[in-house]
2 protein chains.
Amino acid sequence: MPNPVLVEVTRGNLVESRHTGAVAVVDADGATVLALGDVAAPAFPRSAIKAMQALVLVESGAADRYGFGDEELALACASHSGEPAHVTGVERMLRAAGLDASALVCGTHWPLHQPSAQALARAGGTASPLHNNCSGKHAGFLCAACAMRIAAGGYEEPGHPVQREVKAVLEDLGGAAIPDERLGIDGCSVPNWAMPLTDLARAFARFATGRGLAAQRAAAAQRLRAACAAKPWFMAGTGRFDTELMQHFGVRVFTKGGAEGVHCGALPELGYGIAVKCDDGHGRAAEVMTAAAIARLSRLEARDRDFLGRFVRPTLRNWKGTMVGSVRATEALDATPSGSARA
Amino acid sequence: MPNPVLVEVTRGNLVESRHTGAVAVVDADGATVLALGDVAAPAFPRSAIKAMQALVLVESGAADRYGFGDEELALACASHSGEPAHVTGVERMLRAAGLDASALVCGTHWPLHQPSAQALARAGGTASPLHNNCSGKHAGFLCAACAMRIAAGGYEEPGHPVQREVKAVLEDLGGAAIPDERLGIDGCSVPNWAMPLTDLARAFARFATGRGLAAQRAAAAQRLRAACAAKPWFMAGTGRFDTELMQHFGVRVFTKGGAEGVHCGALPELGYGIAVKCDDGHGRAAEVMTAAAIARLSRLEARDRDFLGRFVRPTLRNWKGTMVGSVRATEALDATPSGSARA
């Protein structure tokens with residue numbers, strides 16, 4: 001059975017586009033709180049699990065050894081926009097381990113933040129691997145390898161000890177072995193393993209609560225969540241969904257998007273993990289699905305509902321600023337008996 | 001019944017994302033050649049119908065009065081990338097009618113072509129309405145109004161004579177009245193009316209063949225098609241799907257994409273019009289659907305099949321250039337009894 005339509009895009013009086021998808025909300029014991037669509041199908045989590053990949057940075061002792069604070073830890077969890085302070089932060093991480101940008105294998109793209117890209121060009125500069133949205137994660141892998149006193153070269157190979165440790169972390173958090181054949185290569189060249197949405201959601205519930213984790217891992221997760229809540233701009237950037245949500249909610253909400261319509265998150269107070277996959281890979285819909293799931297499940301105050309409203313039902317404006325339509329969660333998703341999202 | 005999955009996106013051994021959609025191929029008499037999915041549902045054609053909007057430019061006498069050649073006519077049909085020769089071409093069109101960029105109401109965005117955007121910033125410039133991908137269409141509307149000796153101001157209003165004439169053209173070509181309530185406002189602020197895919201496909205069949213059209217309209221359509229075939233770079237830009245297809249096929253294939261996953265086209269030799277809508281609005285899938293429909297229906301030589309292969313099944317590479325997956329037409333779409341697409 002196809003997944004349900006969870007998000008609609010309107011223009012004028014008509015629905016112009018539709019997004020199907022699946023949403024899993026699970027607690028740390030693996031009990032299902034909400035399941036829409038096929039939540040058992042494996043999905044590549046892509047960048048949504050960067051905070052879990054960053055556990056290796058903390059658990060290896062690298063974060064302590066190199067004196068990393070909230071900004072560096074948030075950058076290790078980031079899909080950043082390549083704004084100047086993102087770039088200098090990643091440079092600082094690399095320098096702490098005696099490295100520079102030449103060690104990064106993430107590849108090069110221009111800053112996602114258009115004013116920063118324009119300013120870079122205006123200054124006669126050009127894009128480098130530091131501007132790649134994944135450069136903080138890569139710096140984290142490199143620092144972990146250095147602290148583990150193993151060769152950093154080849155850190156992107158699935159068989160490198162850092163990546164083997166990442167896979168073990170994901171299996172521990174998700175509560176299930178991940179077959180090797182579920183391997184894909186991510187946009188930034190590191191391995192990514194497809195996981196059922198329920199396992200991904202459970203992984204986030206455990207990441208958010210520490211339940212069932214070894215004490216050291218639970219403490220590392222807590223430290224990373226606190227860093228992201230303290231410095232959410234370093235996890236994404238100006239105007240970005242994850243930054244705006246975490247700036248508003250602080251430690252009450254954790255969210256992180258990935259490519260191809262994956263979005264994950266957690267509601268630590270409730271002990272819930274969230275994993276969303278928009279079937280067609282569209283990020284605009286994955287964000288609405290995530291915001292709607294939070295609105296549906298959280299105990300929200302009026303100001304929280306007001307804030308979330310523009311993410312559950314974003315307005316579409318054209319190049320002149322005229323309102324031409326909206327993106328909105330469907331009733332299948334936005335069932336709000338408590339009236340949270342549309343109150 | 002939901003529309004079928006027509007395009008899959010793979011990574012490693014798995015399908016990562018899926019696109020459903022509808023494809024209509026119709027001849028000039030309205031006979032269905034191919035129908036996949038719900039081809040009766042109205043879809044906003046968006047920029048896919050720019051060549052039809054440009055009929056008003058030619059039929060009003062403006063193209064002759066202002067001495068427009070193939071480049072200017074292709075720009076009037078274009079969603080251009082904002083490369084330097086696109087911008088100077090649109091300036092030339094406006095100047096011919098005694099106007100300048102201040103008359104454009106399309107709004108401003110930076111060039112879609114990233115090297116051009118970077119060069120603009122590097123030179124200390126900034127984006128203007130001329131860089132908007134729709135500026136050539138808007139220049140066409142303005143020139144038509146001037147040639148018609150009516151006020152050009154408000155040319156974006158649904159009630160302006162130029163837009164009323166555009167609607168009449170679409171009804172004539174599509175063979176059906178379009179209810180006023182199917183109005184939407186496009187990204188560039190002009191009206192856009194939703195039409196069933198079958199009517200859109202028929203409109204392109206008639207645009208491509210002239211069948212059933214008044215002689216003057218058939219001649220104007222022929223002139224616009226010839227201009228786009230002669231100067232396909234001016235219809236889109238460097239590396240763009242429509243430009244590459246028309247550079248290869250010349251007058252044998254006409255294609256034009258629009259926002260939100262609409263793509264239209266025609267195979268004039270066969271007398272077929274094509275209209276595609278990807279349900280979720282993703283252009284990558286609409287392009288694959290269009291290429292696959294052309295591959296399925298055309299009489300192709302070996303070099304045409306080789307050329308089309310990379311559009312029916314584009315390779316996905318990451319920032320390092322590593323092949324990580326592909327986008328591919330499913331069997332529902334890519335049924336090639338003649339072995340055309342995958343031979």
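User: Which residue of chain B does the side chain of A:Arg46 meet in a salt bridge?
Analyst: In this predicted model, a salt bridge is a side-chain nitrogen of Lys or Arg within 4 Å of a carboxyl oxygen of Asp or Glu. The side chain of A:Arg46 takes part in one at 3.1 Å, N to O, and its partner is B:Glu16.

User: Which element of chain A gives the most to the side that touches chain B?
Analyst: Helices (H or I, at least four residues) and strands (E, at least two) are DSSP runs, numbered from the N terminus. Strand 1 (5-11), strand 2 (14-27), helix 6 (114-122) and strand 5 (183-185) of chain A each give two or more residues to this side. With five residues, the element that gives the most is strand 2.

User: How many residues of chain B are in contact with chain A?
Analyst: Contact means heavy atoms within 4.5 Å. On the side of chain A, 46 residues take part, and in chain B the number is 46.

User: What is the area buried between chain A and chain B?
Analyst: Buried area is the accessible area (1.4 Å probe) that two parts lose on being put together, summed over both. Carbon and sulfur atoms give 53% of it, and the total is about 3,600 Å².

User: Which residue of chain A comes closest to the rotation axis?
Analyst: Copies are superposed by least squares on the C-alpha atoms of residues with pLDDT of at least 70 in both. Chain A can be laid on chain B with an RMSD of 0.0 Å by a turn of 180° and a shift of 0.0 Å along the axis. That is the relation of a two-fold axis. At 2.0 Å (C-alpha), the residue of chain A closest to the axis is A:Arg122.

Technical notes. Residues numbered from 1 in each chain as written. Chains lettered and ligands numbered in written order. Predicted model: local features only at pLDDT ≥ 70, side-chain atom pairs only at ≥ 80, totals over all residues. Heavy atoms only, no water.
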